[in-house]
Amino acid sequence: MLQYAAIILFVIGLYGILSQRNVIKIILSLNILEIGLNLFIISVGYVEGGIAPILTSTNNTSNTVFVDPLPQALVLTAIVIGVGTTALGLALAKKMYQKYGTFEIDEMGAE
Amino acid sequence: MSAVFLIVVPILVAFISILFKKAAPYLLLIASFANVIMLYFLSPETILIGGYGAPYGISLIVSNFSIASLYIVNILFFLVVALTIKDFKKLSSILLVALAGLNGLLLTGDLFNLFVFIEISGIAAYLITTTNNKPLATFNYLVLGTVGSSFYLLGLIILYNMFGTLNMADLVSEITSSGINPLAVSLPFLFMFIGLGVEAKLLPFNGWVKGILGSSNKLSGPMIASVYAAAIGLLFGNLLNTYMFTFDSKIQLIIIVVLLGSITAGEAMAYASTKVKEILLFSSIAQAGIVILVFINGLVGLGLVLVMANAFAKFVLFMVITQAESEIGNDDVDALQGLFVENKIVGAAFTVSTLSILGLPLFLGFVVKLNVLISFISLDKFLFPVVILITSIVEGVYFIKLLIKLWHKEDNAPIIRFDFILKYVVVIIALLLVAYGLLFSEVSDLVNYVATSIGGIL
């Protein structure tokens, strides 16, 4: 079920990127797309009834069900990269605003 | 010498360069030169990061193919940086990160690690293109690049879910041993292909190219058109041949149609352009299509030499044109008319590089193109040689037209003072293009050397 929600978010983000003409809205859409993707990655590692993959004094038997920790590590990296690109996108948006006085791509004219 | 240093040294120096801003350009030059030197000590091996055995840890694969690729990318990177850094001192740290990212792309044997390196080199590329002062074009590049790498990530996660591994070689053996229908893995591979296609300038994901390369400067032009294009082309070669990207035959047909479309559209648009940089950028879209077509048909060695010939020639062309544009302030063919009347040496190097891309005899481009055509015919694929030959004729028309314009003007020919070192570098590259065009045996040695790659070992 979570997978469907994640893919729907991914597609909403993609639709936003394709349909919006406002720089900030495009960046937001990009973020929605990334969140969808990150949720999808997490959902891949989910195991029904699984616990956090940490051995403790109470959870140390070999038949304990753990969720897959690898997608969690991957998603952490993906989030950091996403934040980096968002920051860069916003910096470019600021630059565009300084240059053209607007966030609307259509009003910026041809470069 | 471990190949890890090729990635670690630039990253480490990048951090140091932030602390010592004044020394940053020198650190960049030293680090990028040291990388070229380090390549000499590399030998084929598999490096396990942190000692975790494959497929659990991240492994770096040093094969003959990756060593040859690293030579091409690192030498070009050093040349671009050495010739332009004095005007772009602020970018030193970013360029170091870019170098680490590009080396990582060519070395890594792990799918997710590859995603990280794509993003690192991608973010560095966006920052390099901010020097064009066209924020909207850079923003377009950033959005397309990010969406592309998101698709790549989606594809790789689906593969992870199916086979439970991220190690490329392990994944290939899992796919083969599971006996799965190729159609079932085509979707994730297609997603990954789309992701990489953005950086590789493939149709229809190349919307950013015109904005970026059309307004490129001395640094961003050669860096994106030559260094980055070479790295991404070689990455495709690595993925398509050494490892994976197994497509169902129907999907492969679609990809080939897209590639052929990319080649013809690129050449047609170059023909219609009136600005020198646009001619060059559209022609490089077509070249990228040919490179991937060659790799997808399993011609590893030839593909590598083709990338090398194109990258060095494009380096000369973009260097000369962006330098001339920065003085004249315009890159219309008419504004640059007669450019080489007073600059005969640079003009000769430019002409040699153009003719090499075109594939005329005497030059490296000819040897490669001829071999590519012969190989396609021996593989019974007659359509590709026909398309390549027809587009080469179109290419010939616009390049010869361009050369005639640049060499002829009755009066008021523009006089441009080309940098002393730049003159030497472009002439040496042009001489090498001629030398390798005459030494068939050397080229075929390189092709064979690359083909005996050890890729695919865990």
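Mentor: Helices (H or I, at least four residues) and strands (E, at least two) are DSSP runs, numbered from the N terminus. This is a predicted model: local features need pLDDT of at least 70, side-chain atom pairs need pLDDT 80 or more, and totals for chains, interfaces and linings use all residues. Residues count from 1 along each chain as its sequence is written, while chains are lettered from A and ligands numbered from 1 in written order.

Trainee: In what order do the elements of chain A run from the N terminus on?

Mentor: Chain A has four helices and zero strands. Read from the N terminus, the order is α-α-α-α.

Trainee: What radius of gyration does chain A have?

Mentor: The radius is taken over C-alpha atoms, and the globule rule is 2.2 Å times the number of residues to the power 0.38. For 111 residues, a compact globule would come near 13 Å. The C-alpha trace of chain A spans about 65 × 25 × 15 Å along its principal axes. Its radius of gyration is 20 Å.

Trainee: And which radius of gyration does chain B have?

Mentor: Chain B has 18 helices and two strands. Its C-alpha trace spans about 70 × 55 × 45 Å along the principal axes. With 458 residues, a compact globule would be near 23 Å, and chain B agrees with that at 21 Å.

Trainee: What percentage of the residues of chain B count as buried?

Mentor: First, the cut-offs. A residue is buried if 20 or more other C-beta atoms, placed from the backbone, lie within 10 Å of its own C-beta; it is exposed at 12 or fewer, and partly exposed in between. In chain A, 25% of the 111 residues are buried. For the 458 residues of chain B, the value is 58%.

Trainee: Which helix gives the most to the side of chain B that touches chain A?

Mentor: Residues are in contact if their C-beta atoms, placed from the backbone, lie within 7 Å. The contact takes 25 residues from chain A and 22 from chain B. On the chain B side, α5 (111-129) and α6 (135-163) each supply at least two residues. The helix that gives the most, with 15 residues, is α6(B).

Trainee: How do the axes of α3 (residues 69-100) of chain A and α5(B) lie to each other?

Mentor: Axes are lines fitted to C-alpha atoms, for helices over the stretch in contact, with angles from 0 to 180 degrees between N-to-C directions. These two axes come within 11 Å and cross at roughly 10°. Angles under 35 degrees count as roughly parallel, over 145 as roughly antiparallel, 65 to 115 as roughly perpendicular, and the rest as oblique. So α3(A) and α5(B) are roughly parallel.

Trainee: How many residues of α5(B) are buried?

Mentor: The helix has 19 residues, and its end C-alpha atoms are 27 Å apart. The rest of the structure largely encloses α5(B), since its buried residues number 19 of the 19.

Trainee: Is Asp380(B) buried or exposed?

Mentor: Most residues other than glycine have a negative phi. Asp380(B) has a positive phi of about 65°. This residue lies in the loop between α15 (364-378) and α16 (383-407) of chain B. With 6 other C-beta atoms within 10 Å, Asp380(B) is exposed.

Trainee: And Lys201(B), buried or exposed?

Mentor: Lys201(B) also has a positive phi, near 65°. Its place is the loop between α8 (182-199) and α9 (207-213) of chain B. With 29 other C-beta atoms within 10 Å, Lys201(B) is buried.

Definitions and conventions. Two residues are in contact if their C-beta atoms, placed from the backbone, lie within 7 Å. The expected span of a helix is 1.5 Å times one less than its number of residues.
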